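Trainee: Please take me through one part of this model closely. I would like to follow the side-chain pairings and see what surrounds them.

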Amino acid sequence: GFVVKGRSGNYTTAEDVLICTAWKKISQDASIGSDQTVNTYWQRIKEYFDERNTSGHFRSSDSLRQRWST
């Protein structure tokens, strides 16, 4: 078999809200602060997002980061 890779669907409103919630939660984590790389920061946001995302869409940390910049 093979896996078809492609673009996931558009972000839902719930996913947009979840990105905002994840960003707020991770950015306000005083135990980590600013002592982390940008990749680590967005990986932590992705982990938070993945634990709570019910859309069924896979979102990479790069995808989340690009969506946030929108």
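Mentor: Arg-67 and Asp-16 form a salt bridge, and their closest N and O atoms are 2.8 Å apart. This pair joins distant parts of the chain. Arg-67 belongs to helix α3 and Asp-16 to helix α1, 51 residues apart. Keep in mind that the model is predicted. Arg-67 is partly exposed, at 30% relative accessible area. Asp-16 is partly exposed too, at 25%.

Trp-23 and Trp-68 form a stacked aromatic pair, with 4.8 Å from centre to centre and 20° between the planes. Trp-23 sits in helix α1 and Trp-68 in helix α3, 45 residues apart. Trp-23 has 31% relative accessibility, so it counts as partly exposed. Trp-68, at 33%, is also partly exposed.

Now look at α1 itself. Helix α1 covers residues 13-27, 15 residues in total. From first C-alpha to last it reaches 21 Å, close to the 21 Å expected at 1.5 Å a residue. Its buried residues are Glu-15, Leu-18, Ile-19, Ala-22 and Ile-26. Seen down the axis of α1, the buried residues fall within an arc of 105°, so they line one face of the helix. An α-helix has 3.6 residues a turn, so residues three or four places apart point the same way. The buried residues of α1 pack against α2 (38-52) and α3 (61-69).

Beyond its neighbours within four places in sequence, Tyr-48 contacts Leu-18, Thr-21, Ala-22, Lys-25 and Ile-26. Leu-18, Ala-22 and Ile-26 are among the buried residues of α1. The C-alpha atoms of Tyr-48 and Ile-19 are separated by 8.9 Å, although the two residues are 29 apart along the chain.

Tyr-48 also has a charge over its ring. Arg-52 lies over the face of Tyr-48, 3.6 Å from the ring centre. Arg-52 forms a salt bridge with Glu-51 as well, the closest N and O atoms being 3.0 Å apart. Arg-52 is partly exposed, at 39% relative accessibility. Glu-51 is exposed, with a relative accessible area of 61%.

Lys-46 pairs with Asp-50, and the closest N and O atoms are 2.5 Å apart. Both residues lie in helix α2, four residues apart, about one turn of the helix. Lys-46 is buried, at 9% relative accessibility. Asp-50 is partly exposed, at 38%. The structure holds four salt bridges, including these.

Back to the rings. The model has two aromatic pairs. Tyr-41 and Trp-42 are both buried.

There is also a charge over the ring of Tyr-11. The charged end of Arg-59 sits there, 3.9 Å from the ring centre.

Conventions:
Residues numbered from 1 in each chain as written. Predicted model: local features only at pLDDT ≥ 70, side-chain atom pairs only at ≥ 80, totals over all residues. Heavy atoms only, no water. Helix = DSSP H or I, 4+ residues; strand = E, 2+ residues; numbered from the N terminus. Expected span 1.5 Å × (residues − 1). Buried < 20%, exposed > 50% of the residue type's maximum accessible area, 1.4 Å probe, protein only. Arc of directions from axis to C-beta. Contact = heavy atoms within 4.5 Å. Phe/Tyr/Trp six-rings, centres within 6.5 Å; stacked < 30°, edge-to-face > 60°. Lys NZ or Arg CZ within 6 Å of the ring centre and 35° of its normal. Salt bridge = Lys/Arg side-chain N within 4 Å of Asp/Glu carboxyl O.
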